[in-house]
Amino acid sequence: MIEDFYIDCTKQSKTITIGTHGQQVTVNINIDIKGYLGSSTQNNVVVAGKSTVESTYNFYTDYFTWSIGDTVIYENNIYEVVAQPKNTAHKNHHCKLILKRLDGVKD
């Protein structure tokens with residue numbers, strides 16, 4: 001079963017709250033989850049007029065609450081959710097997400 005390959009990782013979501021002086025503050029919400037980063041697909045894309053290769057990855061987890069733009073910290077790398085999760089087995093025991101690796105991300 002795919003769950004045999006799950007490792008500890010972190011789901012990170014951003015939320016906006018109001019600070020003590022009435023200003024908007026972005027806060028990261030971290031949730032410990034388990035998941036498995038599977039195969040990747042490479043696509044040719046054009047960024048700023050230059051052709052480059054973008055890799056997307058299949059990610060499997062038993063955590064189902066996701067939004068596009070959430071991030072996953074997996075083995076010290078950061079990946080962004082770029083598609084809605086799919087309940088691939090239709091048994092509600094795991095879902096598949098499409099992730100894109102983010103490089104040069106600073107906290």
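D8 is exposed, with a relative accessible area of 58%, where exposed means over 50%, buried under 20% and partly exposed in between, taken with a 1.4 Å probe on protein chains only. This is a predicted model, in which local features need pLDDT of at least 70 and side-chain atom pairs count only at pLDDT 80 or more, while totals for chains, interfaces and linings use all residues. Residues are numbered from 1 along each chain as its sequence is written, and side-chain values use heavy atoms, with hydrogens and water left out.

The partner of D8 in a salt bridge (a side-chain nitrogen of Lys or Arg within 4 Å of a carboxyl oxygen of Asp or Glu) is K34, and their closest N and O atoms are 2.5 Å apart. Because D8 sits in strand 1 (residues 7-18) and K34 in strand 2 (residues 24-47), the pair ties together parts 26 residues apart in sequence; strands here are DSSP runs of E with at least two residues, numbered from the N terminus. K34 itself is partly exposed, at a relative accessible area of 40%.

The whole structure holds two salt bridges, and K11 with D70 forms one of them, with 3.5 Å between the closest N and O atoms. K11 belongs to strand 1 and D70 to the loop between strand 3 and strand 4 (71-74), so this pair ties together parts 59 residues apart in sequence. Both K11 and D70 are buried.

As for the sheet, six strands close into a barrel in the order 1-2-3-6-5-4, with antiparallel pairing, where pairing requires at least two DSSP bridges between two strands.

Key. Helices (H or I, at least four residues) and strands (E, at least two) are DSSP runs, numbered from the N terminus.
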